[in-house]
Amino acid sequence: MVMSLLWGFVAAVSLFIGAVLGVLRKWPDRLVGSVLAFGGGALIASISFELAEEGLSTGGPVAVGVGLAIGALVYFTANKIVENAGTGGKKHGLFHRRSTPSSSRGQRRAAGGTSLALGAFLDGIPEQAVLGIGLAAGEGVSVALLIAIFVSNLPEAIGSASDMRSSGTPRSKILLLWAGVTAVCALATLGGFLAADLATGSLRAAVNGFAAGALLVMLTDSLVPEAREKAGELAGLITVLGFALAAGLSLLS
């Protein structure tokens with residue numbers, strides 16, 4: 001049990017490290033966009049090899065499909081709730097017409113940063129729960145897998161924290177948010193370890209699908225557009241580099 005909590009912390013702490021890096025200083029937009037693009041490629045590899053493929057092999061396509069649909073709907077709904085809370089329930093078009101250009105940019109940055117944090121949260125819980133289930137089954141933890149988690153988590157947290165800092169969010173609030181995300185994700189590993197006896201192959205596949213569905217919506221709606229806007233024409237190339245590295249690490253694990 002203690003080892004599952006330890007490994008859960010090791011896997012999740014990259015989120016907090018990324019947030020710290022994001023608030024240390026103001027990073028150039030092009031660099032933040034490049035980091036996001038690299039992280040996006042790593043996440044695509046994670047979806048393909050760590051979540052979808054693993055889910056299909058343990059529980060089959062139906063369980064993965066159900067998990068995908070639920071994960072996508074949960075992220076979409078939660079993200080809308082967060083957006084509405086941030087804008088006071090105003091529609092974006094009306095809000096932007098009544099705001100100055102600088103405040104509109106700040107609002108978009110804050111929304112983008114929060115969306116990335118939400119994506120990390122909804123992905124991290126099921127992903128690390130699966131890690132805990134594997135530890136309970138005696139499968140151990142691959143160093144390559146831990147490196148792959150770092151490769152995908154760090155850019156996501158750096159990009160989110162940078163956007164929130166640029167929007168004027170206090171550093172203490174950003175770090176508190178990511179400390180909470182890190183703690184919950186680490187505890188999810190312990191939860192998976194304790195619930196391992198109840199976790200059938202279909203349930204594990206659905207959990208993998210849930211994480212994949214949430215990530216796919218986040219990538220399409222938030223991370224990829226943000227990376228393209230900030231990194232420009234290099235975004236696609238850097239995304240492929242992130243995918244290649246993470247895919248190689250996943251295959252090694």
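Here is a quick tour of this chain, from its overall build down to a few single residues.

This is a predicted model, so local features need pLDDT of at least 70 and side-chain atom pairs count only at pLDDT 80 or more, while totals for chains, interfaces and linings use all residues. Residues are numbered from 1 along each chain as its sequence is written, and side-chain values use heavy atoms, with hydrogens and water left out. The chain comes to nine helices and zero strands.

**Overall build**

- Along the sequence, the pattern reads α-α-α-α-α-α-α-α-α. Helices (H or I, at least four residues) and strands (E, at least two) are DSSP runs, numbered from the N terminus.
- Of the chain's 253 residues, 47% count as buried. Buried means under 20% relative accessible area, exposed means over 50%, and partly exposed is in between (1.4 Å probe, protein chains only).
- Take the contacts in the chain with a separation of 6 or more: residues 24 or more positions apart account for 92% of them. Contact here means heavy atoms within 4.5 Å.

**Helix 7 and T182**

- Helix 7 covers residues 171-194, and at 1.5 Å a residue its 24 residues should span 34 Å; the end C-alpha atoms are 35 Å apart, which agrees. The expected span is 1.5 Å times one less than the number of residues.
- Buried residues of helix 7 include I174, W178, V181, T182 and C185.
- An α-helix has 3.6 residues a turn, so residues three or four places apart point the same way.
- T182 sits in helix 7, and T182 counts as buried because its relative accessible area is 6%.
- If you skip neighbours within four places in sequence, T182 is in contact with A12, V13, L15 and F16.

**Nonpolar cores and Y75**

- The largest nonpolar core has 22 residues, and Y75, M218 and L223 have the most contacts inside it. Helix 2 (29-59), helix 5, helix 8 (201-231) and helix 9 (235-252) are the elements that give two or more residues to this core. Helix 8 gives the most, with 10 residues.
- Apart from that core lies another one of 14 residues, among them V23, A117, A120 and A161. A nonpolar core is a set of buried Ala, Val, Leu, Ile, Met, Phe, Trp, Tyr and Cys residues joined through side-chain atoms within 4.5 Å.
- Y75 belongs to helix 3 (residues 61-87), and Y75 counts as buried because its relative accessible area is 0%.
- Not counting residues up to four places away in sequence, Y75 touches S115, L118, G119, L122, A214, V217, M218 and S222.
- Y75 and A211 are 136 residues apart in sequence and 9.6 Å apart in space, C-alpha to C-alpha.

**The cavity**

- The structure holds one cavity of 30 Å³ or more. A cavity is a set of points, on a 1 Å grid over the protein atoms alone, where a 1.4 Å probe fits but cannot get out; lining residues have an atom within 4 Å of a point.
- The largest cavity has a volume of about 40 Å³, where volume is the space filled by probe spheres set on the points, and grid points are joined across faces, edges and corners.
- Its lining is made up of L15, A120, D123, G124, E127, Q128, N153 and E156. Helix 5 (101-136) and helix 6 (143-166) are the elements that give two or more residues to this lining, and helix 5 gives the most, with five residues.
- The lining residues divide into two nonpolar, three polar and three charged. Ala, Val, Leu, Ile, Met, Phe, Trp, Tyr, Cys and Pro count as nonpolar, Asp, Glu, Lys and Arg as charged, and the others, Gly among them, as polar.

Definitions and conventions: 1 Å grid on protein atoms, 1.4 Å probe; cavity = no way out; pocket = protein on both sides within 12 Å on 5 of 7 lines; lining within 4 Å.
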